[in-house]
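Biologist: Can you walk me through a few spots in this one? Start with a sheet, then some side chains.

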Amino acid sequence: MWSVQEKNGHQERCRTNDRQFLDKYRGRHRAGRNVILSLHSPIMTRCFLCIVVAFILTLTDASNYFDTQGPNFSHEPPSRIEFTNTAGNIADCIAHGNPPPNVEWLDKENNPITSISKVRHILANGSLYFPPFEADEFRQDVHWSVYRCVATNAVGSIVSRDVVVKAVVNQRYEPEVQNPGGFIGSNVLIKCNIPSFVKEYVTVTSWLQEPNFNIYPSLEGDGKNHMLPTGELLVYNITRTDALKIYRCRTHHKLTQDSVVSSNVGKIQLTEMRELVPPIMNEKVVSITARMGDPVVVPCVAYANPKPVYRWHTKRANNEESIQHLLATGRAKIKDGTLIITAVDKTDNGAFFCTATNSEGSETLEVQMSVTSPLTAAIQPTVQTVNLGKTADLICSISGFPKQSISWLKDGHPLRAGARVRLLSKEHMRITSITKEDKGMYQCMVKNDLESVQATAELRLGEVAPQLIYKFIEQTMQPGPSVSLKCSATGNPTPKIVWHLDGFPLPNNDRLMIGQYVTMFGDVISHVNISAVKSEDGGDYECKAISRAGEASHTARLNIYGMPYVRPMPKLSAVAGKSFFLKCPVAGYPIDSIIIEKGMYSSVQPWSREENPRHGTYIHTDVFVMCICTSWDCIFHKSISFISLPPFSFHTRAVASLPHCQLNLHYTTK
């Protein structure tokens with residue numbers, strides 16, 4: 001406790017310091033230049049820059065905290081990944097968002113996968129790597145499987161399209177040329193047979209007519225030899241000379257990039273019989289898949305004597321899809337029984353028929369044409385902000401065909417339709433009476449037998465000011481046990497909770513811990529846990545929920561029985577003409593009274609004030625601009641004790657009258 005002499009001495013020193021400080025600045029003012037209020041002085045320029053920089057940094061931090069963005073794929077893995085065991089391969093999955101999303105991989109049962117030594121590795125950047133492996137290390141569950149990539153952040157989750165992985169054990173293969181038969185004057189189709197275990201990856205690129213005549217694929221051929229885009233060699237109007245020629249086929253393996261020429265040779269087997277033979281076809285039904293816009297060449301070849309007449313037709317009601325219409329528009333032509341379509345269209349999807357007829361009978365070939373177009377999907381709008389209780393519509397715009405299945409996902413899981421969530425059509429989803437649970441990432445997945453694609457959209461909630469849905473209460477307790485103070489807040493965007501004790505940040509000590517987490521519904525829950533409480537832990541605790549939509553706060557007192565205690569206070573700032581709020585950081589319980597005293601400095605204008613003795617609060621109004629520095633005492637009484645806070649100081653000044661570069665985070669203007 002201070003004696004009366006010590007207290008008077010302290011006040012006298014404060015008055016002396018105040019007079020010296022004021023005289024110094026008044027002298028400069030009398031010299032003809034208002035140093036205090038000038039913004040052109042170097043000191044004030046630096047001060048102004050300090051404040052501006054701090055303000056910008058504060059805004060930047062707030063922007064980074066509040067501006068979230070759901071995950072989106074910057075690089076989505078392809079629908080198919082094929083490789084040989086000697087080469088290996090890698091599937092890249094790159095996603096962006098704020099906060100940056102985490103990437104993981106799922107198997108076909110939607111279970112997270114892990115790395116397997118020498119077989120499969122998940123890299124640090126999220127890529128899925130399949131290293132080269134020995135033939136006996138092949139695993140069907142790893143090397144012939146379906147995977148999906150998942151990107152997740154605080155906004156939600158998205159999944160990639162299905163990634164079909166097929167690893168092939170490298171084996172040598174041998175193409176084989178057939179020896180077809182035919183009558184003089186007929187057409188003959190020579191085929192190059194590829195072993196089944198590599199047929200999916202090997203194409204016929206050209207034919208070699210010994211010794212050095214190369215035949216390449218074309219739409220119509222040279223009149224004699226016609227290599228079809230599908231790899232067969234069609235020889236028109238064979239003669240005895242053609243029967244003497246020998247042929248080889250040249251192939252290419254798309255995975256190994258190897259080119260292999262058939263070791264055997266093929267020859268046309270000329271039939272010398274003179275007897276009559278009705279048309280005979282080796283294949284009665286043929287299926288062809290072509291992308292829209294690609295050329296298609298379909299041969300129709302029958303073994304017959306005499307030479308048959310070929311006729312192409314369809315069984316479609318729409319005249320625009322008939323063979324006659326194709327020929328009339330120039331999109332197709334028929335050359336000696338071979339149908340040539342320069343660019344297939346969606347209307348060409350379906351069955352075509354070729355009938356070969358001679359005097360002995362007829363035979364019909366059925367060609368099932370499947371026309372495809374690359375699938376694409378996009379959800380409109382890609383980002384939608386909807387207020388609570390309103391309605392949101394998501395429309396998936398799809399192009400390409402065929403479309404075999406369309407499904408919707410919410411944060412990577414199948415979307416469940418219900419009273420509020422309805423599918424108006426396969427492509428149109430509507431959500432009524434929006435709630436907080438509806439925000440997140442939505443996807444439409446489109447699949448067919450050849451590929452799959454997905455589109456992504458983010459549903460955001462309109463801004464809602466924070467609301468405290470759980471608040472701690474005032475407590476009075478003995479020293480020793482632990483105590484936990486809890487606040488929970490809701491709002492959009494999800495608010496951040498900060499804590500204060502008597503208006504200042506919580507003290508930093510090992511007994512006090514702050515925890516905060518966000519629930520799956522976007523509510524934030526924060527705790528202050530104090531172990532082995534002491535009397536000095538008492539005071540007014542405040543939790544404040546902050547977001548760009550606003551803030552909400554709650555204050556309640558924690559009373560700990562014990563001797564009075566005053567926490568040190570930092571330097572405070574005030575603005576001329578504004579109210580000044582001062583709270584004495586008092587702990588201990590019970591406390592009878594708190595007195596806040598100001599040094600005996602006589603200012604030009606009278607001081608008006610309001611006091612709350614019980615809680616040690618001091619409100620000063622109409623601060624005089626030239627009161628630069630003064631000392632205050634915070635004194636409070638307990639039943640049998642009198643404790644005084646060591647002197648603290650605060651500054652009051654107009655914004656433009658900073659005498660030196662001092663940065664105040666709680667900066668206000670008059």
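Modeller: A definition to begin with: two strands pair if DSSP finds at least two bridges between them. Keep in mind that this is a predicted model.

Biologist: Fine. In what order do the 5 strands of the open sheet come?
Modeller: The order is S40-S47-S46-S42-S43, with mixed pairing. The edge strands are S40 (475-477) and S43 (504-505), each of which pairs on one side only.

Biologist: How many bridges join S40 to S47?
Modeller: There are 3 bridges between S40 and S47 (residues 550-560), and the two strands run parallel.

Biologist: And which residue in S47 stands opposite Gln475?
Modeller: Leu558 does.

Biologist: Changing topic. Is His226 buried or exposed?
Modeller: His226 is buried, because its relative accessibility is 0% and the cut-off for buried is under 20%. His226 sits in strand S17 (residues 225-227).

Biologist: Which side chain makes a polar contact with the side chain of His226?
Modeller: That of Tyr236, at 3.3 Å. Beyond four places in sequence, the residues in contact with His226 also include Ser218, Glu220, Glu232 and Val297.

Biologist: Now Leu394. Where is that found?
Modeller: Leu394 is in strand S32 (residues 392-401). Leu394 counts as buried because its relative accessibility is 2%.

Biologist: What does Leu394 touch, leaving out residues up to four places away in sequence?
Modeller: Among them are Ile379, Pro381, Trp408, Met429, Tyr442 and Ala457.

Biologist: And what separation do the C-alpha atoms of Leu394 and Thr382 have?
Modeller: They are 8.8 Å apart, with the two residues 12 residues apart along the chain.

Terms used:
Residues numbered from 1 in each chain as written. Predicted model: local features only at pLDDT ≥ 70, side-chain atom pairs only at ≥ 80, totals over all residues. Heavy atoms only, no water. Helix = DSSP H or I, 4+ residues; strand = E, 2+ residues; numbered from the N terminus. Buried < 20%, exposed > 50% of the residue type's maximum accessible area, 1.4 Å probe, protein only. Contact = heavy atoms within 4.5 Å. Polar contact = N/O pair within 3.5 Å; in protein donor to acceptor, adjacent residues only side chain to side chain.
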